[in-house]
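Please look over the structure shown below before reading on. The notes that follow are grouped by topic, and they concern a predicted model.

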Amino acid sequence: MKHTAYTVKILAALLLIALLAWGCAPMTPPVKSADMLSTPNLLVEADAAWRGERWEAVELYYAAALERKDLVRSELPTVYSRLAEAASRNNHYHQARIALEQWANLDTTALERADWERLYLDSMAALGKTERLNNHLQWVLGSSTVPWETRQVVALWYGEYFRSHDNSEQAMDVLGRFYAQAPDDHARSQFEQEFSRRLSDMDDVELGRLATAVTPANQWRFPYALTAFELGARKASEPGAWSASWRTLRDLAASGELADLAPLQDRLADLEARFGLPRIGLALALPVTGPYAKVGVKILRGAGLAQWQLAQEGVDVELKVINTEAPGWETRLANLPSHFTVVGGPLRVDAFKRFYAPESPAAGVLKRRAVFAFLSSLGDLTEGKDAWRFFTSHNDEVRSLVRLTVDRLGITDLAIFYPEEKFGRTMAQTFYQEAAPLGGQIKGMQSYPPRELKQWTGRVGKLLNVPSNFSNNKDVPLPMPDFGAVFIPDGWQQAQTLLPNFFFYEGDQLVFLGPGLWSRVLDEAKDVDEHYYRLAVCPGAWWGDSDGGKALQTALTEEGLGQADFWVALGYDFLRFAGRLGSLPASWDSDLVNGRIGKAADMEFSMAPMTWDGNGMASQDLYLFTPASNGKRIVEPDKLAERIARAQARREKRMENYEKRLMEEGKAVSNPDR
């Protein structure tokens, strides 16, 4: 106490010297010497200075009052509180801290007061007492006596403190923890309103930093929901951002886990009155007549289901179907209203080329509308700049196969057996290019004429290095090939003829890798002879037993829309993706589309999930299947590895038995060709 009293005396003397000069300022009441005043008069002067907000005088008078032995004890709470406030206003935080601690020693309930907490926290922060602040936070959170009104003050103070120290996550976490302690909805509503006012006072940079703590998992609850809403409301006025912002604001105003959603709903209504309800124009360029009509109609069935679901969520997607098999379709596509800013399709390369052929009525569509082609490649165009892809690529198929063989099966030596036509050569080249970066080595490559079946057996033998005298001595086991898997980029019908040739040359321990063509045919295949396909694998974008596939089938069943498959899933996923992408402004460019794609793709796909990099290049994480008697089943790598091991063991056993028989007959294996 002596030390404290001495400190107060020195401070009072210094203040007096400063105030004597300051007191000469015009229109400012003079500061009377505390020593010349009786205690009652001193308190009168202190009160007058308090009401006049003359903080230097307030601090001087109340500091002097604490030195008076005749100061009535009942006056102490007022003296301590006003001294702390004045000292804090004067940036004398050490003095403020002393006054607050003395007040708390006199009356422990002082800690339950909002003014005590505010002054104490300000002082500790100014003095750099980080550990004390952290300890005090835990004490308030765990206290059963601090009333809610004070807790709210403390919560908001700590939220601002952590935010100002660039710790948005902790700022939001503290606010959420206090919010959970609110006694009722009225208290929570008041807390929400006060925090919303503070959000509105932040500039865009401050709000953006705070919003970094918002995630898809926490965005529905306080304080994250209000932060996300404020951010979305501000972005609404940015060019081309209204559609995406509107969906965010609508969802939060409808489903936010808050005590009072009315302020959000009112503000959303104001924004809708200002910017209008967003309307998304989407065109699908598909064959709905002719030889590919069945596929086009399936895509439309999935798209129609998605359009209906989005309508229930308040997303207005205006869908226009352009039949690419009907005369004049290019003109109809070119003449669509300007709000049709996104196009899905077409399915065929020749139709896609009409989008940019100089003589085509549809020339220039790629510059006016963002086209997402249902093609494996965009040809000579630049993906992510000229147009985009919403379909499995050859690279996707090859990568999935190589990763399985190299990473899961440990097979690094590979071969390619391909037909001498465009698709086969393209797929063979893709496999060759993709294998090396993923750890695969091409140890064999052989082509075959696709229409000359009689040559297929000989070409298989050439790939397997079968000796020329094999037909004369079939009892001699063939040596193992120097690769463990072979890629056969041909159709399923051709594969049914090709694979038995490998078995003829004892290649039953090889893993046969097929393209996605196999998978789509196997969706409807029956009575498949599994003998030749136990070690066959093909990639596919559709698996009905996936979570997304089951969800799609459930939705189709509820609406009486039949069976799901890849094409239905394609239409369903694309329309939902386009709905999330939103309407594009007239001034859109590829950078804007690429910037939106990431968020648009953050959804549950019914087919294999697709992702896009920052440059708009798409990739798809495909499922892997093996042919089965009833069509196909998902590959289980461990079980597949066991089957490979058993097949290799049988091959080695045959060789051992042959050598053993030769030994028993007193012969040696001397044929250099075998």
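Thr 611 lies in strand S11, which covers residues 610-612.

**Surroundings of Thr 611**
- With a relative accessibility of 47%, Thr 611 counts as partly exposed, since the buried class ends under 20% and the exposed class begins over 50%.
- Leaving aside residues up to four places away in sequence, Thr 611 touches Met 617, Ala 618 and Ser 619.
- The C-alpha atoms of Thr 611 and Ile 597 are separated by 8.6 Å, and these two residues are 14 residues apart along the chain.

**Helix H20**
- Helix H20 has 14 residues (422-435), which at 1.5 Å a residue should span 20 Å, and this agrees with its end C-alpha atoms being 20 Å apart.
- The buried residues of H20 are Gly 424, Met 427, Ala 428, Thr 430, Phe 431, Glu 434 and Ala 435; because they cover an arc of only 165 degrees around the axis, they are on the same side of H20.
- These buried residues pack against helix H19 (394-408) and against strands S6 (413-419), S7 (441-448), S8 (485-487) and S9 (511-513).
- At the start of H20, the backbone nitrogen of Phe 423 has a side-chain oxygen of Glu 421 within 2.9 Å.

**Parallel sheet**
- An open sheet is formed by 5 strands in the order S2-S1-S3-S4-S5, with parallel pairing, and its edge strands, S2 (316-323) and S5 (388-389), each pair on one side only.
- Strands S3 (residues 340-344) and S4 (residues 370-373) run parallel and are joined by 3 bridges; Val 342 has Ala 370 in S4 as its bridge partner.

Methods. Residues numbered from 1 in each chain as written. Predicted model: local features only at pLDDT ≥ 70, side-chain atom pairs only at ≥ 80, totals over all residues. Heavy atoms only, no water. Helix = DSSP H or I, 4+ residues; strand = E, 2+ residues; numbered from the N terminus. Expected span 1.5 Å × (residues − 1). Buried < 20%, exposed > 50% of the residue type's maximum accessible area, 1.4 Å probe, protein only. Arc of directions from axis to C-beta. Contact = heavy atoms within 4.5 Å. Polar contact = N/O pair within 3.5 Å; in protein donor to acceptor, adjacent residues only side chain to side chain. Pairing = 2+ DSSP bridges.
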